[in-house]
Structures are given as C-alpha cells and as structure tokens.
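Please keep the coordinates at hand while reading.

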Amino acid sequence: MTDTTTTTPYATQDETDRETTDEPFEGVYPAMTTPFTVDNEVDHEQLAANARYFERAGVDGVVPVGSTGESATMTHDEHIDVIETVRDAVEDVPVIAGTGSNNTAEALSLSRRAADAGADGLLLISPYYNKPEPAGFLEHYRTIADEVDLPQIVYNVPSRTGQSIPVDVTVELAEHPNIQGYKAASGDLNLISEVIERTRNEAFSVLSGDDGLTLPVLSIGGTGTISVVANVEPERSCAMVGAALSGDYDRARTLHHELAPLVRELFAETNPIPVKEAMHVRGHGGPRVRSPLSRLSEDRREVLRELLAAYEEGEPGTVEPEGVEPATGGAE
C-alpha cells in the first residue's frame, strides 16, 4: 500500500485560483480504478490511499465504481463496499458513485444502496445492449431521479453501450431537478456542443468523458471532466482544467499537449487495462484486472514505463516525450 504525498507545484506562479460558480459539477473528477489483491479481492487499503492521494492533489471529487473501476465484474456488495471505503477515506470532496445498469430496477436498487452508503451523487451509464427508444431512456432516468434524492449525471458513451442518447432526450432530462450533469464520452463535439447550447438555462453541467477532448469541451462551455488520466497525473489534470476555467488558455493548451502522449497511451488497449498498469508503476496498486480483461501487453508496458519516467522528471509545461508510438485502440 502506498499513500504518496503530492508535492509538485502545478499552480501558476501567482497562485491564481479559479472563481467558484453555481455549476452543479465543476473541475476534475478522477474515474477511479479499483485495485485488486493477488486473490482477486478488492484492495480496500490501497483504494482508500488512492482516494486520499487524489484529494491532496486538488481534485474536485472522485468517481468510484464506474467503467474504469471495473464495476461490470464486481458484485453489488463489492460495489457498495467500494463506495463506503472511498467515502470514509476523503474529507472534503464529493463521492460520485457509478450505479448504472441496463436493468432499470437494478440501477435503482444500486442507486438507493449507494445513497445509504454515503454517496454524494450518482453517475448513470445509459442502458447498454437493450437499445431503448427515446421514451425508454426518459423513463429509465426519471425513475431513478424520482426515487433517489441525489444529484445525478447521465453518462453517454456509445462506444460501450452501442447507442448514443439522443440530444432531445438529454435536454428533457436536464429539466429534472435531480439530473444535474452529463458525462460526454461520444467523441462527437457537435453533439456535445448542442447539449451545452440547449441546457444553458438549466442547473446542468456538461463534463468531458474523453480525456483527449477535455480542453475542447471546456472551450465550448463544458465545466470539467470525469477523467482516466487524472488517476495518473491528477495535479497536471487539475492545472489544465483550472487554467481553462480561469480563462488562461495559453497555459491550458500547454498542459493539454503535455498530457496528450499519456492520454493516447492510456487508451492503447481497452480501458482500464493501461491505467491499471500506470497506477502500478506509480505505486498505487497492482496491475491486476478482472477477467475477461487481461494485463497490458509486454511491449506496451515498456512504452508506458518510459513515458511515465519522462513525466516524473519534467516540470509542468516542459514534458515533451519523444518516440512514443501512437495508440491504436481502446475506448473509455
């Protein structure tokens, strides 16, 4: 178990703090990995240490048991135990628990249990495999929002679910007082821009769910990110998002390009395979993933180790990794 102290000064020289707003969700929310022991059990000690590490790094919240947290291969009891561990570990940041399912009754049950476990909000992936019609999407999300009085984020990731949530559905859902955010992982900036445009008058935040598109999403009115790369580089991620939200796009672009090689490598194979390996290299848990996922391939491990070494040695705004092969696959 490692509980690393963060010491790197990533703030701008004059220590500019971004102004607070009335946005329901704003800033950086690591999509937490779930560390496993050699016996394939949840490593709760390491999980708690990771949550504390993120909080010290300056994140605005944490998101356990999402797709990056391998919720698909966890039992419901494990799911709730993870939420409780993370909730107990952090002091001042909200815990947004992944509780989605393609079964509305199951998603509702998990959401209720997460609320009882102390979650501050919910992340709800759209129903996968079933491919609901617009009326089905609306009924699914409204059922949970009506029954569980927590802020909720609608998660659109068609690469995993097989279907994108229609914009009209998202706009209608944004009118519900408990549906306060949208995780945008479609890769379609036109769609994301339309969601932002049409929900501007609601208490509704649009968060990037694609690390490579976080800065573009922020530039068109997004308010933050639920991020994979923030597991590995939380301080740089917070610096980049904070600079953009403060209007310092020169600094934000510098940090965006600095993070870009790592973002590409973290999606070289299916998420969370590479990020689990990166966390292992950084001392934040073993590289183990649950079947049917498999450990990162040997050739990519070496590329990742070399890349992470470059980030360790460089000051913010100076890392320029060279010779890194472009990623060819993987999706959040």
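Contact means heavy atoms within 4.5 Å. This is a predicted model, in which local features need pLDDT of at least 70 and side-chain atom pairs count only at pLDDT 80 or more, while totals for chains, interfaces and linings use all residues. Residues are numbered from 1 along each chain as its sequence is written, and side-chain values use heavy atoms, with hydrogens and water left out.

Q: What is P127 in contact with, leaving aside its neighbours within four places in sequence?
A: P127 is in contact with S101, N102, P132, F137, H140 and T161.

Q: Why does P127 count as buried?
A: Buried means under 20% relative accessible area, exposed over 50%, and partly exposed in between (1.4 Å probe, protein chains only). P127 has 6% relative accessibility, and therefore counts as buried. P127 is found in the loop between β3 and α4 (134-147), where helices (H or I, at least four residues) and strands (E, at least two) are DSSP runs, numbered from the N terminus.

Q: How do you know that the span of α2 agrees with what it should be?
A: The expected span of a helix is 1.5 Å times one less than its number of residues. The 14 residues of α2 should therefore span 20 Å, and the end C-alpha atoms of α2 are 20 Å apart, which agrees.

Q: What covers the buried residues of α2?
A: The cover includes α1 (44-57), β2 (96-98) and α3, and the buried residues of α2 include I80, V82, I83 and V86.

Q: What makes α1 mostly covered?
A: In α1, 10 of the 14 residues are buried, among them L47, Y53 and F54. The cover of these buried residues includes β1 (27-30), α2, α9 (234-245) and α11 (273-281).

Q: What makes a residue part of the lining of a pocket?
A: On a 1 Å grid over the protein atoms alone, a pocket is an open set of points where a 1.4 Å probe fits, with protein on both sides within 12 Å along at least five of seven lines, and lining residues have an atom within 4 Å of a point. The largest pocket is lined by 27 residues, of which S67, E70, S71, A72 and Y128 lie nearest its centre. Among the elements, α2 (76-89), α3 (104-116) and β3 (121-125) each supply at least two residues of this lining.
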